[in-house]
Structure formats: structure tokens, C-alpha cells
Amino acid sequence: MRGACPKRYTVDNNINATHNILAALVLLDLDAHVVHLGTMGVYGYDGAGLEIPEGYQQIMVRGDDNVIHNREILYPSNPGSIYHMTKTMDQLMFQFYAKNDGIRVTDLHQGIVWGTQTDETRRDERLINRFAYDGDYGTVLNRFLMQAAIGYPLTVHGTGGQTRAFIHIRDTVRCIELAISNPPEKGDRPVIRNQMTETHRVRELADLVARLTGAEVAMVDNPRKEAAENDLRVSNASFLKLGLNPTTLAEGLLSDTYQVAQKYADRINRDRVAAATVW
């Protein structure tokens, strides 16, 4: 979203990469299972008074004969960035290649990832996951914890009324494992699973981190074109049915990420913390 050149690169890179994989599978006649790590952002962030389903929406359409016909379509896309737009295009490619060439696809619509550690990475300090904190790539909860670790006010954009879906990094790993272990049958339409565990408003997260760490909260102008307030309800029934035991903020793992940020605070470039790209 920084400008025309980055936008063109994002579209060329993301869409061509996905299409190259699908075309290669057809060319090589491989019966592989494609697991795509996508984003909740394909839906947009307006619940519109309903729970966002897992990819598909039941609708009723009045036909030329004045008879009501039941149909099931992809949930209407509403991307808020060029990146999210490319993921909506991925969905259409998956639909086409599943229908036309029998490619088996699972599309994971993932929420915002928080946390730095999984059970595996805890085995060795060198395996601690990186996490972005800058204004472009930093995910909100990790950003707040990093800001608190260096005494930087928690920057809440606009009213902070944006509601977003979240998932802990260890649940991300578990969901990918479950997706790989439960492939669709050849000839099935793509399976879409919402990879998230809970939803929160940004200002509520800032208050939570402030209470935990003693950090100050700063309300700043919102550089993005988005609703000042939104509700969001999301179904994650399929992963719960497969056995996911969600990790939630209530389990106290925020302090774990906060401690990692404190330990490596000397690596943080304070000049990159504030959001500089205006959407």
C-alpha cells in the first residue's frame, strides 16, 4: 500500500506464485493437496449482523420463473488492502482448478497471529520466532507488547474500535497440521477453514496490555481507510470439530511475548515503530 510500484509487485508476485503452483500440479499430473495460508481479510471486517461462515454462504435467488432457488456461493469478498485483494483472487483460482482439474485444496483464512513461542521453539533459544513491530507489517498485539517493552506508548489508531480475529502462533501450527491431515477428496470443491480462535477490539487489547505492563496508551490518527467501529463474529466450527483446543488471551501468555521483547529490546529501531504508510 506504499505506492503504485509496491502494489504492482504484490499483485504480480502473489497471484503468479499461486497460479504457478496450480499449473505445475496439472502439468506434472500430481495428486497433491494444496494447503494455502490465506487471511480473514478476504471477508472484510463488517459482520453485518451475522456470523461469517467458513468460506461459503447460502443464498436464495428469485429466478426468471419467479421461483426461489437455493444456491451456495463464496462469501462475498471485501478486501481492505492490495494484499487482501490478491487472496480473494487466489480463492477464484482454487475454485477453478478444483472444478476443472481436480486439484485438492484447503484454503485457511487466518486471523492475526500473536505470540512468539510454540512447544517446539521453546526447546532452543535460537528457535524463537521473529515478529514484526513496524507500522506496515507489525501485527497489533505483538506490536503493543513490543512497545510496552521499550517504554513506547501503545499506538491505537483512530478510536480503536476495529474488531479483529486472533490466533496464537501455536494454534496456527496446530491448525496447519489438522488441515494437512484432513484433505478433501479429489473432485471436491476447495475446503475453506477459518483459522482463528477469538475476536477483540483494538482499544480493549491496548487496555489489557497497559494493565499488564504499566504502559501508556496513545490515541493517534488512523492512517488506513477503514470503519472506525465494527463488530465481527466468525465461525471456526470446522477446526473445533477436528479437535483444536484454542489458546486464548485468558491463559496469560501475553507475558511470555512481553518477556521476549524485553530481552531483545536493544534490537528494536524506534524510528520504525510509528505507522508511516497512509492507505
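**Pocket lining: 9 nonpolar, 1 polar and 4 charged residues line the second largest pocket.** The model is predicted: local features need pLDDT of at least 70, side-chain atom pairs count only at pLDDT 80 or more, and totals for chains, interfaces and linings use all residues. Residues are numbered from 1 along each chain as its sequence is written, and side-chain values use heavy atoms, leaving out hydrogens and water. Ala, Val, Leu, Ile, Met, Phe, Trp, Tyr, Cys and Pro count as nonpolar; Asp, Glu, Lys and Arg count as charged; the others, Gly among them, count as polar. The second largest pocket holds about 320 Å³ of space. Of its 14 lining residues, Asn129, Arg130, Phe131, Tyr264 and Arg267 are the closest to its centre. A pocket is found on a 1 Å grid over the protein atoms alone, where a 1.4 Å probe fits: it is an open set of points with protein on both sides within 12 Å along at least five of seven lines, and lining residues have an atom within 4 Å of a point. Grid points are joined across faces, edges and corners, and the volume is the space filled by probe spheres set on the points.

**Main core: Leu141, Phe144 and Leu154 touch the most other members of the largest nonpolar core, which has 29 residues.** Two or more residues each come from strand E6 (112–114), helix H3 (140–149), strand E7 (154–157), helix H5 (202–213) and helix H7 (254–263). H3 gives the most, with 7 residues. A second, separate core has 11 residues, including Met40, Tyr75, Ala165 and Val234. A nonpolar core is a set of buried Ala, Val, Leu, Ile, Met, Phe, Trp, Tyr and Cys residues joined through side-chain atoms within 4.5 Å. Buried means under 20% relative accessible area, exposed over 50%, and partly exposed in between (1.4 Å probe, protein chains only). Helices (H or I, at least four residues) and strands (E, at least two) are DSSP runs, numbered from the N terminus. In soluble globular proteins, nonpolar side chains tend to be buried together.

**Helix H3: 10 of its 10 residues are buried, so the helix is largely enclosed by the rest of the structure.** Its buried residues pack against E6, E7, E8, H5 and H7. One of them is Phe144. Beyond its neighbours within four places in sequence, Phe144 is in contact (heavy atoms within 4.5 Å) with Leu154, Thr155, Val156, Val202, Leu205, Ala206 and Val209. Just after H3 comes Gly151, with a positive phi of about 75°.

**Trp114: this residue of strand E6 is buried, with a relative accessible area of 0%.** Neighbours within four places in sequence aside, Trp114 touches Leu141, Asn142, Phe166, Ile167, His168, Ile169, Thr248, Leu249, Leu253 and Leu254. Thr257 is 143 residues away along the chain, yet the C-alpha atoms of Trp114 and Thr257 are separated by 8.5 Å.

**Helix H4: how does the span of residues 169–181 agree with expectation?** At 1.5 Å a residue, its 13 residues should span 18 Å, and the end C-alpha atoms are 19 Å apart, which agrees. The expected span is 1.5 Å times one less than the number of residues. Ile169, Asp171, Thr172, Cys175, Leu178 and Ala179 are buried in H4. Their cover includes strand E1 (33–37), strand E5 (104–110), E6, strand E8 (163–168), strand E9 (191–195) and helix H6 (237–242).

**Helix H2: the 20 residues 82–101 should span 28 Å, and the end C-alpha atoms are 28 Å apart, which agrees.** Among its buried residues are His84, Thr86, Asp90, Met93, Phe94 and Tyr97. H1, E1, E4, E5 and E9 are among the elements that cover the buried residues of H2. Gly102 follows H2, and its phi is positive, near 70°. Asn16, in helix H1, is partly exposed at 44% relative accessibility. Asn16 and Thr86 are 70 residues apart in sequence and 9.9 Å apart in space, C-alpha to C-alpha.

Most residues other than glycine have a negative phi. Asp29 sits in the loop between helix H1 (4–28) and E1. Asp29 is exposed, with a relative accessible area of 70%. Asn66 sits in the loop between strand E3 (56–62) and strand E4 (68–74). At 54% relative accessibility, Asn66 is exposed.
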